[in-house]
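Welcome to a short tour of this structure. Have a look at the picture and the sequence, and then follow the notes below.

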Amino acid sequence: MSNLIQRPRRLRRSDSVRRLCRETRVSPDSLIYPIFVDETLQGVRPIESLPGQNHYGLDSVCQAVEQCLESGVGRCILFGLPARKDEIGSSAWDDRGVVQQAIRRIKEKYPDFYVITDVCMCEYTSHGHCGILCEHDVDNDKTLAVLAKTALSHARAGADMVAPSDMMDGRVAAIRAALDAEGFENIPIMAYSAKYASAFYGPFRAAAGSAPSFGDRKGYQMDPHNRREALRECQLDVQEGADILMVKPALSYLDIIRECADRFDLPLCAYSVSGEYAMIKAAAAAGLVDEKRIMCESALSVFRAGAGMLITYYAKELAQAMKEGAIG
């Protein structure tokens, strides 16, 4: 009689069987592509800090949408670079502001393309902070009013969803009240709920011209040391009426994504931020990694952790990889 211990048999699967047995499944419907619109620009200009990404003028923003649709991506999040900035970021809620004009142009040509708008002040204020200042500190309550006005102006222009990224206390409730009062009850709010004060935002701030001119944002963004705080922030946004929660950044906070996905019933988004994208690009350019495989594996880790949707600069390439069966 054999003394060998009987072990469970591991099935050696073919490619088709492996795909059939995947526990985590994703599709292009889960991808959101960031688009930068510059009010001062005509045409298209490459973004130096984000290789492969572009600034688009109002005359060319539909080119970005066309490329998304050709790739199978049907959703974007818009970021605006205004022609003028001031202390209170007044161009953020101007009905003729850069994001408002971009929404109208996109919707006129592609009415079914889903447009999400970033709602924050940092790109519009002369000081680069995410709200109204009281001396050198952001005044939380004064900022709520301008965030609500900004979100409302986006909805009037035709936005399908608004996404406040400022991390002010009470901003979801303020925006929800403003939208509902004007008949926009069906415009969802994607809240940047657990947004950390991260070093991974550098390439974005260069691309959006949104770096603070003094100090930092640690007073209103989250400390990377904190886990339970993220759950409290998400709970507050749930109570205030958020429709979707978000964790940002993604790769360094997969534990937070997992906990939020397990704790809350709302859909969960993750933002694979500029620094994550730039690192892969730099490593690939140096010949150190297989860019496509790293891109797919990184994105898959976010979905496996529990996110149901992903904002990523690789959205178009990921959609193509899904078509090819490399991920999906």
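This is a predicted model: local features need pLDDT of at least 70, side-chain atom pairs count only at pLDDT 80 or more; totals for chains, interfaces and linings use all residues.

Residues are numbered from 1 along each chain as its sequence is written, and side-chain values use heavy atoms, with hydrogens and water left out.

- Helices (H or I, at least four residues) and strands (E, at least two) are DSSP runs, numbered from the N terminus.
- The buried residues of α3 are V98, V99, Q100, Q101, A102, I103, I106 and K107; buried means under 20% relative accessible area, exposed over 50%, and partly exposed in between (1.4 Å probe, protein chains only).
- These buried residues of α3 pack against β1 (31-38), α2 (61-71), β4 (75-81), β5 and α4 (140-157), where contact means heavy atoms within 4.5 Å.

**Strands β5 and β8**

- Strand β5 (residues 114-119) pairs with β8 in the parallel sense over four bridges; two strands pair if DSSP finds at least two bridges between them.
- Opposite A163 in β8 stands D118.
- In β8 (residues 161-164), M161 and A163 point one way while V162 and P164 point the other way, and all are buried.

- D237 lies in helix α7 (residues 228-240) and is buried, with a relative accessible area of 2%.
- Not counting residues up to four places away in sequence, D237 touches R171, V172, A191, Y192, S193, A242 and L245.
- M322 belongs to helix α11 (residues 315-324) and is buried too, with a relative accessible area of 12%.
- Leaving aside neighbours within four places in sequence, M322 is in contact with V26, S27, P28, L31 and I327.
- M322 and L78 are 244 residues apart along the chain, and their C-alpha atoms are separated by 24 Å.

- On a 1 Å grid over the protein atoms alone, a cavity is a set of points where a 1.4 Å probe fits but cannot get out, and a pocket is an open set with protein on both sides within 12 Å along at least five of seven lines; lining residues have an atom within 4 Å of a point.
- Grid points are joined across faces, edges and corners, and a volume is the space filled by probe spheres set on the points.
- Of the 17 residues lining the largest cavity, C122, S165, K195, F204 and K248 are the closest to its centre.
- The second largest cavity has a volume of about 90 Å³, and α9 (274-285), α10 (291-305) and β12 (309-312) each supply at least two residues of its lining.
- The largest pocket holds about 300 Å³ of space, and its lining residues include R22, T24, K292 and R293.
- By class, the lining of the largest pocket has four nonpolar, two polar and five charged residues; Ala, Val, Leu, Ile, Met, Phe, Trp, Tyr, Cys and Pro count as nonpolar, Asp, Glu, Lys and Arg as charged, and the others, Gly among them, as polar.
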